[in-house]
Amino acid sequence: MQGNNRTLEASELFEEEQRDRRIAMVRASLSGRGEEHCCDCGDPIDVARRMAMPNARRCFDCQEDHERR
Ligand SMILES: [Zn+2]
């Protein structure tokens, strides 16, 4: 019983560690993705947009303006 429990705990610990690492990675990548606010107009940039375009520094409208110029 003791031995079985230990094996189970070990694998559970491992899975928990993996999960924690994944969460930490997601958090790090989320917070490191681009700017939270448009560098042109200062409006908050949509999270979905930041996820899709990690280097986006402008909101959609300003980016279009910027690219058109
Ligand atoms: Zn903008």
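User: In the protein chain, what share of the contacts with a separation of 6 or more joins residues 24 or more positions apart?
Analyst: This is a predicted model. Take the contacts in the protein chain with a separation of 6 or more. Residues 24 or more positions apart account for 3%.

User: How many helices and how many strands does the protein chain have?
Analyst: From the N terminus on, the elements run α-α-α. The count is three helices and zero strands.

User: What percentage of the 69 residues in the protein chain is buried?
Analyst: A buried residue needs 20 or more other C-beta atoms within 10 Å of its own. In the protein chain, with its 69 residues, the buried share is 6%.

User: Why is C39 classed as partly exposed?
Analyst: C39 sits in the loop between α1 (2-31) and α2 (47-52). A residue is exposed at 12 or fewer C-beta neighbours and buried at 20 or more. C39 is partly exposed because its count of other C-beta atoms within 10 Å is 14.

User: Which residues does C39 contact, leaving aside its neighbours within four places in sequence?
Analyst: Contact here means C-beta atoms within 7 Å. Beyond those sequence neighbours, C39 touches R57 and R58.

User: What distance separates the C-alpha atoms of C39 and C59?
Analyst: Along the chain, C39 and C59 are 20 residues apart. Their C-alpha atoms are separated by 8.2 Å.

User: Where in the protein chain is confidence highest?
Analyst: The chain averages a pLDDT of 83, and 83% of the residues score at least 70. Confidence is lowest in α1, at a mean of 80. The highest, at 93, belongs to helix α3 (residues 60-68).

How values were computed: Residues are numbered from 1 along each chain as its sequence is written. This is a predicted model: local features need pLDDT of at least 70, side-chain atom pairs count only at pLDDT 80 or more; totals for chains, interfaces and linings use all residues. Helices (H or I, at least four residues) and strands (E, at least two) are DSSP runs, numbered from the N terminus. Two residues are in contact if their C-beta atoms, placed from the backbone, lie within 7 Å. pLDDT is the predictor's confidence in each residue, from 0 to 100.
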